Amino acid sequence: SNAKLWGGRFQATNEEWVDSFGASISFDQALVLEDIQGSLAHVKMLGATGILPEADVSLITEGLQTLMEQAKNDQLVYTVANEDIHLNIEKLLHDLIGPVAGKLHTGRSRNDQVATDMHLYLLKQVPLATELITKLQTVLIDLAEQHIHTVMPGYTHLQRAQPISFAHHLMAYFWMLERDKGRFEDSIKRIDLLPLGAGALAGTTFPIDRHLSAELLGFSKPYANSLDAVSDRDFSVEYLSNAALVMMHLSRFCEELILWSSDEFKFIELSDTFATGSSIMPQKKNPDMAELIRGKTGRVYGDLVGLLTVLKGLPLAYNKDMQEDKEGVFDTAHTLEGALTIMAGMIETMTVNVAHLEATTKQDFSNATELADYLAAKQLPFRQAHEIVGQLVLFCIQNNIYLADLSLETLQAAHPLFEADIFTVLQPETAVARRNSYGGTGFEQVKAQIHEAKALLA
Ligand code: ARG
């Protein structure tokens, strides 16, 4: 027979490549603590239900605890011949306590075991993600509070549109992250289901107590259907999807940081601690970290699409294809942790070029809406006001001046409703201050928004 733990019905050993192609130990060793944790609960349940005698339960438990300690100290040595983390641990347990180790797998299959491990893994990763999101949100609020009155150009189509508060721009990302956090938090109720006890697919003949296992492992309840329990990877897809949304948001922000730190914008300067140089051009200060977050967003999308694609044609229940669920999830967890951490540090340490930002809003036409609104507030139909201001903008472009440079006579010739107070209205600070509708960029609104955001985090 084949020397494998499952080798009983085999007469020949596997072809070259089969072991290495089929093995997952190189990556699923990341699940070692979860795997042992699951086994500890399982054996306890086997004892409590009288399926295994207490003497065996004690031996197995002590062995598993020893392995747990060794795992924490990185002392376990795995082999590809033992395929995956589950069989490696079983083999190591056997080496430690002898044949009684073989009783651990009573009433269990690797199919419910591996799904349990992934649930336990994500029950740790999701709170980590929400914690890191909260840290980044805190950094955003802190910076926003310093820049409520910093005026910057707001854009649509990457064309100057209307002046806004820099804090308002930062806070836009706070709210995106708030939704991201909500999605992660909501996903917990679908990760918080225990597959263990589903067996290979159909349940088991042993009088197991799945509710006890769930309680021991801190789950609310077991899956109600054993086939679903071992086939479900929705919770992993959902994690990847939630992570992909965070990355998309970070990537958009990074795109802005990259633009803003260019000589063309000069809105910010990244700290030396988060920038890199060029091996040839001595003057360079490159936003590598922002570019990498933007770039790694592609890899997280890849992990998501990869898993969805693996799953789409699978008949129930377990198929070995499902072993492909892990690397993407681990990769995304690692990428997300790095991206959120880097992002918080980058924002916290960057310099905002306040004077340049404010000067730049005086050299554009982003106050054109102010002129149109001014006339409309005096009951000129907005469409007519728009047309008149459009012509004034054209006049300015042709004469190489800005709207605030126009004389009152010129303005009044365009429309008699213009009066001297128009010049205050044209100031970018006034333009921002007056946008005081709920959720707008008006300074008072931004203060209220920050107040609301702080209350959420408290
Ligand atoms: N390494 C496997 C995986 O990650 C564990 C489950 C294997 N089950 C099986 N019947 N071959 O999917």
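Modeller: Start with burial: a residue is buried if 20 or more other C-beta atoms lie within 10 Å of its own, exposed if 12 or fewer, and partly exposed in between, with C-beta atoms placed from the backbone. This is a predicted model, in which local features need pLDDT of at least 70, side-chain atom pairs count only at pLDDT 80 or more, and totals for chains, interfaces and linings use all residues. Residues are numbered from 1 along each chain as its sequence is written.

Biologist: Apply that to tryptophan 17: buried or exposed?

Modeller: Tryptophan 17 is exposed, because 8 other C-beta atoms lie within 10 Å. Look at its backbone too. Most residues other than glycine have a negative phi, and most peptide bonds are trans. Tryptophan 17 has a positive phi, near 85°. The residue sits in the segment before helix H1 (18-22). Helices (H or I, at least four residues) and strands (E, at least two) are DSSP runs, numbered from the N terminus.

Biologist: Where does lysine 266 lie?

Modeller: Lysine 266 is in the loop between H10 and strand S5 (268-269). Its phi is positive, near 60°. Lysine 266 counts as partly exposed, because it has 13 C-beta neighbours inside 10 Å.

Biologist: Which peptide bond is cis?

Modeller: The bond from leucine 316 to alanine 317 is cis, with omega near 0°. Alanine 317 belongs to the loop between H11 and H12.

Biologist: How do I read a helix such as H3, and what should its 17 residues span?

Modeller: Take 1.5 Å times one less than the number of residues. For H3 (residues 32-48) that gives 24 Å, and the end C-alpha atoms are 24 Å apart, so the two agree. After H3 comes glycine 50, with a positive phi near 75°.

Biologist: Which residues of H3 are buried?

Modeller: An α-helix has 3.6 residues a turn, so residues three or four places apart point the same way. In H3 the buried residues include Val32, Asp35, Ser39, His42 and Leu46. Gly38, Ala41 and Met45 are also among them. Their cover includes helix H4 (54-72), helix H5 (85-97), H6 and helix H8 (210-217). Contact here puts two C-beta atoms, placed from the backbone, within 7 Å.

Biologist: What does tyrosine 121 touch?

Modeller: Tyrosine 121 lies in helix H6. It is buried, because 23 other C-beta atoms lie within 10 Å. Leaving out residues up to four places away in sequence, tyrosine 121 touches Leu31 and Glu34. Its C-alpha atom is 16 Å from that of alanine 229, 108 residues away along the chain.

Biologist: Which domains does the protein chain have?

Modeller: Domain bounds come from an automatic or database domain assignment. Here it gives domain 1 (19-106), domain 2 (111-359) and domain 3 (363-457). The C-alpha centres of domain 2 and domain 3 lie 39 Å apart. Their contact takes 21 residues from domain 2 and 18 residues from domain 3. On the domain 2 side, H6, strand S1 (151-156), strand S2 (159-165) and helix H7 (166-191) each give two or more residues. That side has 11 nonpolar, 7 polar and 3 charged residues. Ala, Val, Leu, Ile, Met, Phe, Trp, Tyr, Cys and Pro count as nonpolar, Asp, Glu, Lys and Arg as charged, and the others, Gly among them, as polar.

Biologist: Which residues are around the ligand?

Modeller: A residue is near a molecule if its C-beta atom, placed from the backbone, lies within 6 Å of it. The shell is Ser24, Asp28, Asp84, His86, Arg110, Asn111, Val114, Tyr318, Lys320, Met322 and Gln323. By class it has 3 nonpolar, 4 polar and 4 charged residues. H6 gives the largest share, 3 residues. Domain 1 and domain 2 both contribute, so the ligand lies between them.

Biologist: What does UniProt list at residues 8-302?

Modeller: The unreviewed entry lists "domain: Fumarate lyase N-terminal" there. Such annotations may be inferred rather than shown by experiment; positions follow the numbering used here, and feature names are shortened. In the model, residues 8-302 are 60% helix and 6% strand. UniProt also places "domain: Argininosuccinate lyase C-terminal" at residues 365-433. That span is 65% helix and 0% strand, with its end C-alpha atoms 17 Å apart.
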